[in-house]
Amino acid sequence: MQSSFVDFRISITCLGTDLLYQGHFSLKSNSSSFKEKTQNFFRKAISNHINVAEDIIKFFDHHSCHASYGFYSGPIRDDGTLIFTADSYGDGLSGTISRYNEKEKKIERLKKYPVENFQLGRIYRLTTLLLRMLPGEHEYKTMGLAPYYNGPQKNEVKKIFEEMQVVDGTDFKFNKKIKNIYDHLEENLEQFRFDHIAAGLQAFTEDLLVDWISNSLNEFSGNSVVFSGGISMNIKANHKISQISNISKFFVSGGGADLSLAIGACYNEIENTQGMPLPLNNMYLGPPIIYNESNFENLPQKYKIYEFKNTDEILQRIFDGKIIATCLDRAEFGPRALGNRSILADPRKRENVEKINRKIKNRDFWMPFAPIILEEYQDEILVNPKKIECPYMTIGFDTIDGNEKIPAAVHRADYTVRPLILNQHHNSKIWELTNKFYKKTGIPALLNTSFNLHGEPIVNSIHDALSVFERSDLDTLWLDNHIIDKI
Ligand SMILES: [Fe+2]
């Protein structure tokens with residue numbers, strides 16, 4: 001064990017009587033026997049820990065889980081759909097291309113990319129660290145910073161990244177002279193300002209991914225594309241990918257980083273044993289609202305509780321300029337609030353950005369809020385000629401006069417949005433509220449951001465919701481069949 005290390009991620013999920021286990025190894029030794037030994041170690045440990053037979057524990061490959069999750073959780077089932085995965089690393093790889101074979105009802109891998117050849121995830125992560133933000137967590141902030149600078153330094157920075165990593169056809173090549181990515185970045189980016197670096201990195205990322213996917217569409221032919229893995233969380237790159245001319249269908253599922261690997265493992269197993277896996281209908285996979293007798297005991301005097309009658313009451317509060325928190329039905333899976341654990345506000349009022357930041361979010365000043373946009377009326381705000389489905393806020397879009405129509409929910413530098421394009425079947429309550437807002441204002445959108453204090457997870461239970469409501473200056477909590485106002 002001296003010269004080897006193991007980086008082991010574990011997801012366990014239960015499907016019928018089998019336990020599906022998604023492990024990830026990063027082995028310096030490259031030793032298959034070491035991997036086997038480690039698997040055996042964990043097989044025994046899991047078996048002992050949760051008291052199940054060793055032989056029902058199965059191991060699945062990291063990028064196969066990304067591919068299965070990305071494809072089967074979404075709505076596309078076209079023969080020949082190309083499935084791309086990209087991340088920092090998992091089971092020795094940082095990317096794959098697969099194709100869905102409709103006849104065999106199977107995902108078949110076409111290409112795989114060893115980490116040493118495809119280092120985009122690590123480059124993005126370490127540049128985020130260079131910008132003094134948390135690697136593996138704050139990449140979205142680097143991405144959000146990028147549109148603020150569009151001057152000549154952007155291309156200079158981009159060239160530095162292009163000297164590190166290129167795509168040649170469908171192959172990736174990493175500059176082998178670079179022994180330490182962070183040191184290389186530090187030496188070469190020293191004279192550039194933080195926004196120049198973010199802009200150059202993002203432009204490099206977008207071009208690299210667009211070239212990779214375009215070249216692969218030519219080589220493997222196909223026009224339906226699915227993207228998964230940690231890098232699929234880059235909604236601005238997804239925006240550019242969605243514009244590739246020979247893509248007609250494009251889907252990026254929610255939570256495409258490693259958090260969804262356990263679901264991918266389930267899909268893998270269903271594909272192997274039971275036939276066609278069903279898509280996820282929505283991302284409301286979290287716990288439902290469960291009342292506890294003590295929930296409403298000891299509420300502060302300043303709270304007034306009403307019984308919820310209809311969405312008109314919420315709408316009126318939005319028109320009164322109030323900031324509304326929601327705690328409805330089942331919580332969302334993944335990092336995005338999709339209405340059930342959200343903060344909602346009037347997107348037409350730019351001052352709501354300041355208001356929400358002051359009352360609860362304290363968000364980094366450059367980061368935008370996002371809109372919920374009704375699918376039926378999306379053409380009034382979004383540029384989405386291919387009618388790409390985006391129910392989980394995973395793709396950026398250009399807007400039509402977004403800065404005039406929904407100034408509080410667009411990116412302030414480029415007026416793009418990261419929308420939840422909402423269908424009535426996804427969330428009927430939020431759809432009804434947004435539709436009523438549309439009927440009164442002509443704007444088919446609401447501002448939507450996650451219900452959490454800065455640096456805390458999104459609320460889950462009633463207890464969490466009341467706690468955050470109390471510790472913030474939010475005006476109203478729409479809690480299941482109650483409305484709680486601060487007076
Ligand atoms: Fe991954």
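This is a short walk through the fold of one protein chain, from the whole chain down to a single residue.

Keep in mind that what you see is a predicted model. I'll start with the overall picture. The protein chain contains 14 helices and 18 strands. Its radius of gyration is 23 Å, close to the 23 Å that the globule rule gives for 487 residues, so the chain is as compact as a globular protein of that length. Of the 487 residues, 44% count as buried. As for contacts, take those between residues at least 6 apart in sequence: 70% of them join residues at least 24 apart.

Now the sheet. Please find the open sheet of 8 strands, where the pairing is mixed. Reading across, the order is β11-β18-β17-β12-β13-β16-β14-β15. Which strands stand at the edges? They are β11, residues 303–307, and β15, residues 420–422. Each has a single partner strand, so one side of each is left without a neighbour in the sheet. On average, neighbouring strands here are turned by 25 degrees against each other, direction ignored.

As a reminder, strands of a sheet pair through backbone hydrogen bonds, either parallel or antiparallel. The partner of β11 is β18, residues 482–486, and the two run antiparallel over 5 bridges.

Helix α10, residues 311–319, touches β12 (324–327), β13 (342–345), β17 (476–479) and β18. The direction of α10 makes about 150 degrees with that of β12. Helix α11, residues 351–361, packs on the sheet as well, touching β13 and β16 (445–450). Here the angle is about 145 degrees, taken between the directions of α11 and β13.

Last, one residue elsewhere in the chain. Ile213 sits in helix α7, which covers residues 194–220. Is Ile213 buried or exposed? It is buried, because 25 other C-beta atoms lie within 10 Å, and the cut-off for buried is 20 or more. Leaving out residues up to four places away in sequence, Ile213 touches Phe84, Val225, Ile241 and Ile244. There is also Ile97, 116 residues away from Ile213 along the chain, with 9.3 Å between their C-alpha atoms.

That is the tour; the structure is above if you want to check any of these places.

Technical notes. Residues are numbered from 1 along each chain as its sequence is written. This is a predicted model: local features need pLDDT of at least 70, side-chain atom pairs count only at pLDDT 80 or more; totals for chains, interfaces and linings use all residues. Two strands pair if DSSP finds at least two bridges between them. Helices (H or I, at least four residues) and strands (E, at least two) are DSSP runs, numbered from the N terminus. Axes are lines fitted to C-alpha atoms, for helices over the stretch in contact, and angles run from 0 to 180 degrees between N-to-C directions. Two residues are in contact if their C-beta atoms, placed from the backbone, lie within 7 Å. A residue is buried if 20 or more other C-beta atoms lie within 10 Å of its own, exposed if 12 or fewer, and partly exposed in between; C-beta atoms are placed from the backbone. The radius of gyration is taken over C-alpha atoms; the globule rule is 2.2 Å times the number of residues to the power 0.38.
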